[in-house]
Amino acid sequence: MTELTCDELDALLPELFDGRLSPEVESASLRHLATCDQCRIVVGDLERVGEMYREHGRLTLPDDARARIRAILEQG
Ligand SMILES: [Zn+2]
């Protein structure tokens, strides 16, 4: 799969944090977050996304982080 653009990632965020993306798309989304400062700002204080992704190959968000992201998205 090709690299995601910032707009594409933005559109995928709700599904990403709901865990509803296919593994391929989820992986591409996390790879984008790991390398894109702009999108990491969008997702708030999850600065460790890139680090976690490199350490574990995938990201497992704690429930409180999911709730926080959802709140940010709903404000948006
Ligand atoms: Zn981006």
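**Overview of the model**

A: The protein chain has five helices and zero strands; helices (H or I, at least four residues) and strands (E, at least two) are DSSP runs, numbered from the N terminus. This is a predicted model, where local features need pLDDT of at least 70, side-chain atom pairs count only at pLDDT 80 or more, and totals for chains, interfaces and linings use all residues. Residues are numbered from 1 along each chain as its sequence is written.

Q: What average pLDDT does the protein chain have?
A: The average is 75, and 70% of the residues score at least 70. Here pLDDT is the predictor's confidence in each residue, from 0 to 100.

Q: Where is confidence lowest, and where is it highest?
A: Lowest in helix α4 (residues 49–56), with a mean of 58, and highest in α2, with 87. Where pLDDT is low, the predicted coordinates should not be read in detail.

Q: OK, on to packing. What percentage of the residues count as buried?
A: Of the 76 residues in the protein chain, 14% do. A residue is buried if 20 or more other C-beta atoms lie within 10 Å of its own, exposed if 12 or fewer, and partly exposed in between, with C-beta atoms placed from the backbone.

Q: Which residues make up the largest nonpolar core?
A: Seven residues: Leu-9, Leu-13, Leu-16, Phe-17, Leu-30, Leu-33 and Val-43. A nonpolar core means a set of buried Ala, Val, Leu, Ile, Met, Phe, Trp, Tyr and Cys residues joined through C-beta atoms within 7 Å.

Q: And which elements give two or more residues to this core?
A: α1 (6–18) and α2 (23–35) do. The largest share, four residues, comes from α1.

Q: Tell me about α1, then. Where is the kink?
A: At Leu-12, shortly before the proline Pro-14, and the kink is about 50°. The bend at a residue is the angle between axes fitted to the seven residues ending there and the seven starting there. Even so, the 13 residues of α1 reach 19 Å from first C-alpha to last, close to the 18 Å expected at 1.5 Å a residue. That expected span is 1.5 Å times one less than the number of residues. Just after α1, Gly-19 takes a positive phi of about 70°.

Q: How does the span of α2 look?
A: It agrees: the end C-alpha atoms of α2 are 18 Å apart, and its 13 residues should span 18 Å at 1.5 Å a residue.

Q: Which residues of α2 are buried?
A: Ser-29, Leu-30, His-32 and Leu-33. Down the axis of α2, the buried residues fall within an arc of 155°, so they line one face of the helix. The arc is that of the directions from the helix axis to the C-beta atoms. The face of α2 turned away from the buried side carries exposed Pro-23, Glu-24 and Thr-35.

Q: Why does Leu-33 count as buried?
A: Because Leu-33 has 23 C-beta neighbours inside 10 Å.

Q: Switching to Cys-39: which residues does it touch?
A: Not counting residues up to four places away in sequence, Cys-39 touches Cys-6, Leu-9, His-32 and Leu-33; a contact needs C-beta atoms, placed from the backbone, within 7 Å. Cys-39 lies in helix α3 (residues 37–42) and counts as partly exposed because it has 19 C-beta neighbours inside 10 Å.

How values were computed: Contact = placed C-beta atoms within 7 Å.
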